[in-house]
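The following note comments on the structure shown below. The points are numbered so that each may be taken up separately.

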Amino acid sequence: MGPNHPCAPRSRQPVGNPWFVETALATFNRKVGAVGGVFYGEDGGGFLGLLQRMEFHRYAWELDRTGGKAQVLTGTGTMFRARVLREVRAARRSGELGGGSSYYSLASLTEDDEMTKAVKTLGYRAMSPAGCAVTTEVMPTLPKLWHQRLRWQRGALENLRDYGWTQVTARYFLQQFLMGFGALSFLIYLTYMATYATLYGWPGLSPFWTAIGLIFMVEKTVSVRRAGPKAVLVAALMVPEMLYDLFQHAVYFSSLWGLIRRSEEKWVAT
């Protein structure tokens with residue numbers, strides 16, 4: 001969700017800011033239809049857990065930079081205006097929105113992502129202010145993380161397919177395109193490095209790619225500074241997160257291929 005990564009996590013035991021409700025109520029107005037939490041990863045999970053916490057901290061950092069405009073209303077903790085929920089249900093029953101005839105779409109793998117689009121389609125804003133911090137679980141193993149992220153990514157793609165191109169979904173389509181473009185660019189870069197190393201015995205150090213790499217490292221490091229010194233050190237090393245990004249890219253392409261083939265993807269509890 002990645003961050004871009006696209007669907008918010010949920011936790012068995014949400015823990016967060018004790019002033020969540022007060023902060024959310026203060027955020028609501030006529031234009032804000034829902035207020036979601038800013039999610040952070042729980043402690044534990046070893047090195048894989050640390051990488052997930054770094055990912056979540058980056059999303060929180062991005063939220064802070066954009067004034068709390070939520071990309072997705074997290075399943076860990078979100079408040080809706082009752083009137084907005086009634087409008088969502090009415091829009092589903094009238095056919096303005098898909099997903100059945102109730103408040104939530106039971107057909108969606110990622111109902112929180114779908115609800116975000118539903119609220120925005122009806123003309124309301126979705127916010128995630130810094131005061132609505134919540135803590136969510138992290139996946140302790142790669143297989144569990146794979147199943148979780150595959151469901152998130154596949155659900156996000158299916159929701160876009162169902163909603164189609166609209167004023168609301170345009171930015172989400174752009175995000176998906178940039179995710180794919182970024183993944184391909186990263187693979188091209190790794191191929192270039194490997195080819196150069198094979199031919200000349202050492203990795204190529206292109207001034208252009210070196211400059212891009214330095215900018216990338218600075219951004220990665222600055223964006224996790226609130227996660228602690230260990231996170232900053234791992235970000236500066238770059239290699240662990242490069243491998244983590246490769247994992248995320250594999251999830252993206254697997255989800256896209258599954259969508260194209262229309263293979264069935266089930267909701268698997270984590």
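1. A charge is taken to sit over a ring if NZ of Lys or CZ of Arg is within 6 Å of the ring centre and within 35 degrees of the ring normal. The model under review is predicted, and in this model Arg171 lies over the face of Tyr172, at 5.7 Å from the ring centre. The ring of Tyr172 also has the charged end of Lys117 over it, 4.0 Å from the centre.

2. Lys117 belongs to helix H4 (residues 111-121), and is listed among the buried residues of that helix. Also buried in H4 are Glu111, Asp112, Asp113, Glu114, Met115, Thr116, Ala118, Val119 and Lys120. Because 10 of the 11 residues of H4 are buried, the helix is largely enclosed by the rest of the structure. Just after H4, Gly123 adopts a positive phi of about 95°.

3. Which strands form the open sheet, and in what order? Three strands take part, in the order E4-E2-E5, and their pairing is mixed. Strand E4 (78-80) and strand E5 (125-127) are the edge strands, each pairing on one side only. From one strand to the next, the twist averages 20°.

4. The pairing of strand E2 (residues 32-36) with E4 is antiparallel and extends over three bridges. Within this pairing, Val35 has Met79 of E4 as its bridge partner.

5. Helix H1 (residues 20-27) lies across E2, E4 and E5 and runs at about 40° to E4. Helix H4 packs on the sheet as well, touching E2, E4 and E5, and its direction makes about 135° with that of E5.

6. H4 also meets helix H5. The axes of H4 and H5 come within 9 Å and cross at roughly 30°, and the crossing is right-handed. On the H4 side the contact involves Asp113, Glu114, Lys117, Ala118 and Thr121; on the H5 side it involves Gly155, Ala156, Asn159, Leu160 and Tyr163.

7. How many aromatic pairs does the count give? The count comes to six. In one of them, the ring centres of Trp146 and Phe247 are 5.7 Å apart and the planes stand at 75°, so the pair is edge-to-face. Trp146 lies in helix H5 (residues 142-163) and Phe247 in helix H9 (residues 239-261), so the pair ties together parts that are 101 residues apart in sequence. Trp146 counts as partly exposed, at 26% relative accessibility, whereas Phe247 is buried, with a relative accessible area of 15%.

8. The rings of Phe177 and Phe181 have their centres 6.4 Å apart and their planes at 20°, so this pair is stacked. Both residues lie in helix H6 (residues 170-200), four residues apart, about one turn of the helix. Are Phe177 and Phe181 buried or exposed? Phe177 is exposed, at 55% relative accessibility, and Phe181 is exposed, at 52%.

9. Phe39, Phe56 and Tyr59 are linked into a cluster by ring pairs.

Notes. Residues are numbered from 1 along each chain as its sequence is written. This is a predicted model: local features need pLDDT of at least 70, side-chain atom pairs count only at pLDDT 80 or more; totals for chains, interfaces and linings use all residues. Side-chain values use heavy atoms; hydrogens and water are left out. Rings of Phe, Tyr and Trp (its six-membered ring) pair if their centres lie within 6.5 Å; planes under 30 degrees apart count as stacked, over 60 as edge-to-face and the rest as tilted. Helices (H or I, at least four residues) and strands (E, at least two) are DSSP runs, numbered from the N terminus. Buried means under 20% relative accessible area, exposed over 50%, partly exposed in between (1.4 Å probe, protein chains only). Two strands pair if DSSP finds at least two bridges between them. Axes are lines fitted to C-alpha atoms, for helices over the stretch in contact, and angles run from 0 to 180 degrees between N-to-C directions. Contact means heavy atoms within 4.5 Å. A crossing is left-handed if the near helix is turned anticlockwise from the far one by less than a right angle, and right-handed if clockwise.
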